[in-house]
Amino acid sequence: MTIRPIVICGEPVLHRPTTPVTVFDDELKTFVDDLFETNTAAHGAGLAANQVGDPRRVFIYDCPDDEGVRHRGYVVNPSITTSPVPETMPDPDDDWEGCLSVPGENYPTGRATWARVTGVDTDNQPVEVEGTGFFARCLQHEVDHLDGFLYTDRLIGRHLRAARKMIKANGWTRPGLTWMPGVDEDPFGH
C-alpha cells in the first residue's frame, strides 16, 4: 500500500465530475487500499479518488456515526439519495465540516440528516450503505467530491465569503499544491 499526496482545492481534478470505473482488476483493489492507507495517515473520515489526483469515481470512508459506531468501507461508481438538504444557515454549533483538500479549515455546512449510497465494489458487485447524522454528512461530502464539488462550494452567506477569502489568502487558487499525510505537519492537529 502507498500513502499518496492529497491535492489542495485549486487543483482542477477537484472541480470536475469523475469518470465511472469500467475496469475492475487488481490495480483497482490496490488503489482502494491506497485510499484507505492515505486516509488513515491523514486522520480523515473519508477520501475520494480525485483528492489524490485520480479521476475515477470511487471513495472510501472510515467514519463514526452520531452514536459512535465506526463505519468503514468503499463504494465504486456511487449514486446518492438523501433526505431534504436544509436551505437555511447551518447550525454553528453542530454543522461543522472540514476537508483534507482544504487543509486545516472548518466551516458550518448544511447537509441532509440521512443519506443512502449505492454502487459496486471492486468486483463489480452491488453495494449499498446508509447513514444518519455525521456519517450521512461524510457520505454526502465524498459523493460531492466525485461530482466535482468541495464542501466550500456548499457554503452560504458569511461562511462562503470567509471561505473564499481564506482560499485566496492561502494561495490555494492555483493547481499543483499538495500535502503529504504522515510527512507534512497534520493541518488538523491530530
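**Exercise 1. Work out which elements supply at least two residues each to the lining of the second largest pocket, and which gives the largest share.**

Step 1: β4 (70-82) and α2 each supply at least two lining residues. Helices (H or I, at least four residues) and strands (E, at least two) are DSSP runs, numbered from the N terminus. A pocket, on a 1 Å grid over the protein atoms alone, is an open set of points where a 1.4 Å probe fits, with protein on both sides within 12 Å along at least five of seven lines; lining residues have an atom within 4 Å of a point.

Step 2: α2 takes the largest share, three residues.

Step 3: Of the 16 lining residues, Val85, Gly110, Arg111, Asp144 and Arg154 lie nearest the centre.

By the way, this is a predicted model: local features need pLDDT of at least 70, side-chain atom pairs count only at pLDDT 80 or more, and totals for chains, interfaces and linings use all residues. Residues are numbered from 1 along each chain as its sequence is written, and side-chain values use heavy atoms, with hydrogens and water left out.

**Exercise 2. Now find what α2 does for the largest pocket.**

Step 1: α2 (133-146) and β5 each bring at least two lining residues.

Step 2: α2 gives the most, with five.

Step 3: There are 18 lining residues, and Gly44, Ala45, Gly98, Cys99 and Phe134 sit nearest the centre.

**Exercise 3. Follow Cys99 to its opposite number.**

Step 1: Look across to β6, where Val102 stands opposite Cys99.

Step 2: β5 and β6 form a hairpin, with two residues between them.

Technical notes:
Pairing = 2+ DSSP bridges.
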